[in-house]
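Please examine the sequence and the model shown below. The report that follows treats selected salt bridges, a sheet and the surroundings of a ligand.

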Amino acid sequence: MKWNSFVAALGLAAPTSALLRFGCSKLTIQRLDPLVNPGQNPSTHLHQIIGGNSFNVTMDPKTHDLAKLSTCTTCQFTEDFSNYWTAVLYFKAKNGTLKRVPQRAQQGMEGTQGGMVVYYMTDALFDTAQKSKVTAFKPGFRMLIGDVNYRSRDEARDFRQLTFICMQNEGTRAPETVEFPKTPCPAGIMANHRFPTCWDGVNLDSPNHRDHVAYPESGTFESGGPCPSTHPVRLPQILLETVWDTKAFNNKADWPADGKQPFVWSSGDGTGYSSHADYVFGWKDDALQKAMDGHTYVTAPMLKTQTIAQQNKCSVPDMVGEDFDSWLPKLPGDIMVN
Ligand SMILES: *[C@@H]1O[C@H](CO)[C@@H](O)[C@H](O)[C@H]1NC(C)=O
Ligand SMILES: *[C@@H]1O[C@H](CO)[C@@H](O)[C@H](O)[C@H]1NC(C)=O
């Protein structure tokens, strides 16, 4: 079903809080990671990055004010200068060479170059009431979800809701799997990254970029589970949807002879269990808090917007200078697939 008709079918309750849904085009694709490998150029593996153009090799939380240093953003809401990034998907052909999988825009956002769809919500995605109060992130806040080294289902259980959807058509939203789909996906592979929703209320970051946030203590974010006493502050849930356009790689004759699926994360993972995403908060002033208190579902009249053409114009210079787009003998960074 199409998004708009899905929402219409649910009927409209008057929200007391808000759900934001907006597109962000590609800011850049580079082997940089200012959260995990600050100052390191190049970082270990390739990322696709969206958001404000103050993105850089180093983004010291004490001095780097994203909203002040950015002059544009690739997001529809122009007060969001945050940066969001994930690994990049590659296709590994039978002959062992690798090709970057392009990203495509979702329905209603046609023309957006690459990028993702971003959500901030106070309750479950399809709950049009959006009634819970949340505390917006503070300047300097950042976090990471997922573990780049994970290769098994057991390890991946540490995280909730880092999933893939094998899209049969534009409206496919189920089933979600924690490993890469095993069959060709005609409309692409959607990667979903949902961040934790409970904060310790004190630390803007932590050494592993994860310990200052937590999942609800019981139940889930969707069922309204309470935050643990160690992390009592309820945050908006951020969900990132990236659609990897696998169309050019869906011919099973090109897939490995051993029957395995052919897609790998740029971090070298052919299982999908290492799916991860990074967030560096950068909304201007209190625009996010106001929006989350905004009695609105999907649309957000209180926020300033720009056109897709303007979104597409925002970028940052290539600071690494490597080829990641040809058929490559190895992943950027000479990372082994394992
Ligand atoms: C990145 O940081 C360097 C060094 O501080 C600076 O010269 C450069 O202008 C920055 N790039 C962007 C896109 O802000
Ligand atoms: C490997 O296979 C791909 C896909 O069939 C093809 O495009 C590429 O040219 C091949 N590379 C080599 C080195 O044979």
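Why does Arg-100 count as buried? Arg-100 has a relative accessibility of 16%, and therefore it counts as buried; the term buried means under 20% relative accessible area, exposed means over 50%, and partly exposed lies in between (1.4 Å probe, protein chains only).

## Basis of the model

This is a predicted model, in which local features need pLDDT of at least 70 and side-chain atom pairs count only at pLDDT 80 or more, while totals for chains, interfaces and linings use all residues. Residues are numbered from 1 along each chain as its sequence is written, chains are lettered from A and ligands numbered from 1 in the order in which they are written, and side-chain values use heavy atoms, with hydrogens and water left out.

## Salt bridges

A salt bridge is a side-chain nitrogen of Lys or Arg within 4 Å of a carboxyl oxygen of Asp or Glu. By this rule the model has 15 salt bridges. One of them joins Arg-100 to Asp-325, with the closest N and O atoms 2.5 Å apart. This pair links distant parts of the chain, 225 residues apart: Arg-100 belongs to strand S6 (residues 98-100), and Asp-325 to the segment after helix H5 (308-313). Helices (H or I, at least four residues) and strands (E, at least two) are DSSP runs, numbered from the N terminus. Asp-325 has a relative accessibility of 33% and so counts as partly exposed.

Lys-290 and Asp-286 also form a salt bridge, at 3.5 Å from N to O. Lys-290 is exposed, because its relative accessible area is 54%, whereas Asp-286 counts as partly exposed at 41%. In a further salt bridge, the closest N and O atoms of Asp-258 and Lys-260 are 3.9 Å apart; both residues are exposed.

## An open sheet of three strands

Three strands form an open sheet in the order S13-S12-S14, and their pairing is antiparallel. Strands S13 (213-214) and S14 (233-234) stand at the edges with a single partner strand each, so one side of each has no neighbour in the sheet.

Strand S12 (residues 198-199) runs antiparallel to S14, and two bridges join them; two strands pair if DSSP finds at least two bridges between them. Trp-199 stands opposite Val-233 in S14.

## Surroundings of ligand 1

Asn-53, Asn-56 and Pro-317 are the residues around ligand 1, each having a heavy atom within 4 Å of it. A polar side-chain atom of Asn-56 lies 2.3 Å from an oxygen atom of the ligand. On its own, ligand 1 has 360 Å² of accessible area, of which the protein covers 33%; accessible areas come from the Shrake-Rupley method with a 1.4 Å probe.

Note on methods: Polar contact = N/O pair within 3.5 Å; in protein donor to acceptor, adjacent residues only side chain to side chain.
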